[in-house]
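Visitor: I would like to learn how to read a model like this one. Please walk me through it, one feature at a time.

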Amino acid sequence: MNGRRVQEPTLYIWKGCRTCAKVLQSMGDLRASFRLVELSSSRLSEQELRELLREARLSPSQALRRKHTLYAQLAGRSEEEKLRAMLRDHSLIERPIIRAQGKAAVVKDEAQLRAFLEAVGLARGAGRAERPQQRAGQL
């Protein structure tokens, strides 16, 4: 090992989101060990959300889910107001998001997921071969 601490990835999803379910299934197919955070039932603190956006190199505007009904209402608001809105309503946060090794990214399919895991040195076979407790079929 190169002295760098290997961090288990965290996958942020929204229960009921089809894209999230597909990416969750891909994580299982890759037999990757990971931590699962359901944004629909978990509350991120302001610090956690700011760190997540910083690691993903996204502004609140870029991390705002465009398909959300409130998107148009938030369009003219400041970045801080958008961040506050995401803290109040996590359904405004674009997803799914994968986070590991001080980096994060919105991933919409298995190819993007694999590319992220490779970029942070957690490519297939690099993690423990564990199945996540929650499967996509349970979403």
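Visitor: Is E46 buried, partly exposed or exposed?

Guide: This is a predicted model, where local features need pLDDT of at least 70, side-chain atom pairs count only at pLDDT 80 or more, and totals for chains, interfaces and linings use all residues. Residues are numbered from 1 along each chain as its sequence is written, and side-chain values use heavy atoms, with hydrogens and water left out. Buried means under 20% relative accessible area, exposed over 50%, and partly exposed in between, with a 1.4 Å probe and protein chains only. E46 has 29% relative accessibility, so E46 counts as partly exposed.

Visitor: Which side chain does E46 meet in a salt bridge?

Guide: A salt bridge is a side-chain nitrogen of Lys or Arg within 4 Å of a carboxyl oxygen of Asp or Glu. Here E46 meets R84, at 2.8 Å from N to O. R84 lies in helix 5 (residues 79-88) and E46 in helix 2 (residues 46-56), so the pair ties together parts 38 residues apart in sequence. Helices are DSSP runs of H or I with at least four residues, strands are runs of E with at least two, and both are numbered from the N terminus. R84 is partly exposed, at 35% relative accessible area.

Visitor: How many salt bridges does the structure hold?

Guide: It holds nine. One of them joins E55 and R99, at 2.6 Å from N to O. That pair links distant parts of the chain, E55 in helix 2 and R99 in strand 3, 44 residues apart. Salt bridges that share partners also join E46, R50, E80 and R84 into one network. E55 meets R54 too, at 4.0 Å from N to O. R54 is exposed at 55%, whereas E55 is buried at 15%.

Visitor: Which way do the residues of strand 3 point?

Guide: Strand 3 covers residues 97-100. I97 and R99 point one way, I98 and A100 the other, and all are buried. For R99 the relative accessible area is 13%.

Visitor: In which sense does strand 3 pair with strand 4?

Guide: Two strands pair if DSSP finds at least two bridges between them. Strand 3 and strand 4 (residues 103-106) pair in the antiparallel sense, over four bridges. K103 is the bridge partner of A100. The two strands form a hairpin with two residues between them, and Q101 in the turn has a positive phi of about 55°. Strand 1 (residues 10-13) also pairs with strand 3 in the antiparallel sense, over three bridges. There, L11 stands opposite I98.

Visitor: What do the buried residues of helix 5 pack against?

Guide: An α-helix has 3.6 residues a turn, so residues three or four places apart point the same way. In helix 5, K82, L83, A85, M86 and L87 are buried. The buried residues of helix 5 pack against helix 2, helix 3 (60-63) and helix 4 (71-74), where contact means heavy atoms within 4.5 Å.

Visitor: How do the lining residues of the second largest pocket divide?

Guide: Ala, Val, Leu, Ile, Met, Phe, Trp, Tyr, Cys and Pro count as nonpolar, Asp, Glu, Lys and Arg as charged, and the others, Gly among them, as polar. The lining has one nonpolar, one polar and seven charged residues.
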